[in-house]
Amino acid sequence: MNDDQLDEILTEAARDYNAPGDVPRDAMWARIAAARRQARVAPPPRNRVWLWASAGMAAALLIATGISIGRRMERSSTTGVSTVASRDTTSRRDSAPAAVRPSEVSAASPSASLATRPEPARDTTGPDKTLAYQLVVLQHLAGTEAMITTFRASARNGEADAQVGKWARDLLGTTRLLEASQAAQDPVMKRLLEDLELVIVQIVQYTNRGTNDPEELDLIEQSIKKRGVITKLRGTLPGQANLPGTRG
Amino acid sequence: MTESSRQNDRQLVSRCLGGDSAAERLLYDAHVERIYRLMHRMAGDPDLAADFTQDTFIRAFDRLEQYRGESSLATWLHTIAVSVALNGMRKVKRLRGRTESVDGVEGSPHLVVGPTGFTGDLKARLHTAIDALSEKLRPVFVMHDIEGYTHEEIAGTLSIPVGTSKARLFDARARLRLALAAFAGDHIA
């Protein structure tokens, strides 16, 4: 067989390669529109389980925001000293932010949070924008932890339904947006977002199939544990660990 | 790309940036079919293809203000789409924990060749060999030989010179021929 014959076979056989079916035009548009809406405003809680989880997250965010704003205001009155916010809410360092030595920064845990990271070079034209941006990221991470926690609890009882799937799909869209945003410039955050995306994709696929396959659920559990997703999320959300009702 | 189509692209983008949701849907409808087809060819799974397509448009709308009209809107969208698909497929492979290569394919079992010159098994073998092409070669082969994109379109989408697109296609075909020849040589007289 010569090259021309092979090319003929190749061309003909390649036509069927991953041949697409009908384009789910409307379904995709609905999700795109939903993701864009969600990017503009945070989604409301949808049932009582989520209500409690979301309330906990909201409280955690409120506290984190208060601490963060307080510290920023404090920092704005000091000059020439690089400071860092503590995520240990049991400590009493709020009124005296610690200076960070380079060695401390490099030795920081891989799950170091936005709140524990040393301050980036300040953009004097937009500190409010930076703060708002960080809040969006934190809010998303809090929502993701709530979803994963809810999923684990409900899936164990065979109750992971389409609502959880939709929630996960919404979060997946935002996670991907954040991966393409300035949040991913931080390698720690980038890694966390990638891990989250993998876990959320698994959850979306699990709820899409609706088979409640225990082996698949086990794979998701392994993925969550192997990547330390919950631990990293909790390490990234300042003050949350001490709030009642926020543990999964 | 003609000046009038460029003008249409700019007008549509301008309407979208002005918050015109009907224009957003128009933009989506004009390009979704081709992008979804390409995503499906690259992903091989309808759910993944839908995910990649959605992600492409979400990102595109999010960054629409960055569109300068230097290339066609279709090319700009395809650039985002291919990037989304390649990143997504990397993650999927990582998730599945498996990689495939042409070498691995050569050890797979064969079936007897039918009267048309190739069998379902041969086709499957070719598809696996396409899967195993590198990230540089596969998009070019899929876009040109399967979806019928021109080298100019591919070059614009992948931000490479037209000559590079042609060279990659040549290389991809040679590799597939090699994978196919090892099989066909044994079974086709």
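This note sets out numbered points on a predicted model with chains A and B.

1. Basis of the note. The model is predicted, so to speak of local features a pLDDT of at least 70 is needed and side-chain atom pairs count only at pLDDT 80 or more, whereas totals for chains, interfaces and linings use all residues. Residues are numbered from 1 along each chain as its sequence is written, and chains are lettered from A, with ligands numbered from 1, in the order in which they are written.

2. Chain A overall. Chain A contains nine helices and two strands, where helices (H or I, at least four residues) and strands (E, at least two) are DSSP runs numbered from the N terminus. Along the sequence the order is α-α-α-β-β-α-α-α-α-α-α. Of the 248 residues in chain A, 34% are buried; a residue is buried if 20 or more other C-beta atoms lie within 10 Å of its own, exposed if 12 or fewer, and partly exposed in between, with C-beta atoms placed from the backbone. Among contacts in chain A with a separation of 6 or more, 70% involve residues 24 or more positions apart. Two residues are in contact if their C-beta atoms, placed from the backbone, lie within 7 Å.

3. Chain B overall. Chain B has nine helices and zero strands, giving the order α-α-α-α-α-α-α-α-α from the N terminus. Buried residues account for 36% of its 189 residues. Of the contacts in chain B between residues at least 6 apart in sequence, 66% join residues at least 24 apart.

4. The contact between the chains. Chain A contributes 29 residues and chain B contributes 37 residues. On the side of chain A that touches chain B, two or more residues come from each of helix 1 (3–14), helix 2 (25–40), helix 6 (162–179) and helix 7 (187–209) of chain A. That side of chain A comprises 17 nonpolar, four polar and eight charged residues. In this classification Ala, Val, Leu, Ile, Met, Phe, Trp, Tyr, Cys and Pro count as nonpolar, Asp, Glu, Lys and Arg as charged, and the others, Gly among them, as polar.

5. Helices 1 and 2 of chain B. The axes of helix 1 (residues 3–17) of chain B and helix 2 (residues 21–43) of chain B come within 7 Å and cross at roughly 135°. Helix 1 of chain B is therefore oblique to helix 2 of chain B. Axes are lines fitted to C-alpha atoms, for helices over the stretch in contact, and angles run from 0 to 180 degrees between N-to-C directions. Angles under 35 degrees count as roughly parallel, over 145 as roughly antiparallel, 65 to 115 as roughly perpendicular and the rest as oblique. The crossing of helix 1 and helix 2 of chain B is left-handed; a crossing is left-handed if the near helix is turned anticlockwise from the far one by less than a right angle, and right-handed if clockwise. Leu12(B), Arg15(B) and Cys16(B) of helix 1 of chain B meet Ala23(B), Glu24(B), Leu26(B) and Leu27(B) of helix 2 of chain B. By class, this contact has five nonpolar, no polar and two charged residues.

6. Helices 7 and 8 of chain B. The axes of helix 7 (residues 137–146) of chain B and helix 8 of chain B come within 10 Å, crossing at roughly 145°. This crossing of helix 7 and helix 8 of chain B is right-handed. The contact involves Pro139(B), Val140(B), Met143(B) and His144(B) from helix 7 of chain B, with His151(B), Ile154(B) and Leu158(B) from helix 8 of chain B. Its residues divide into five nonpolar, two polar and no charged.

7. Ala81(B). This residue is in helix 4 (residues 73–96) of chain B. Ala81(B) counts as buried because it has 25 C-beta neighbours inside 10 Å. Apart from neighbours within four places in sequence, Ala81(B) is in contact with Ile35(B), Leu38(B), Met39(B), Phe52(B) and Thr56(B).

8. Helix 9 of chain A. Six of the eight residues of helix 9 (residues 229–236) of chain A are buried, so this helix is largely enclosed by the rest of the structure. The buried residues are Val229(A), Lys232(A), Leu233(A), Arg234(A), Gly235(A) and Thr236(A).

9. Positive phi values. Asn18(A), not a glycine, has a positive phi of about 45°. Asn18(A) is in the loop between helix 1 and helix 2 of chain A and is buried, with 21 other C-beta atoms within 10 Å. Ser159(B), also a residue other than glycine, has a positive phi near 55°. Ser159(B) lies in the loop between helix 8 (151–158) and helix 9 (162–187) of chain B and counts as exposed, with 12 C-beta neighbours inside 10 Å.
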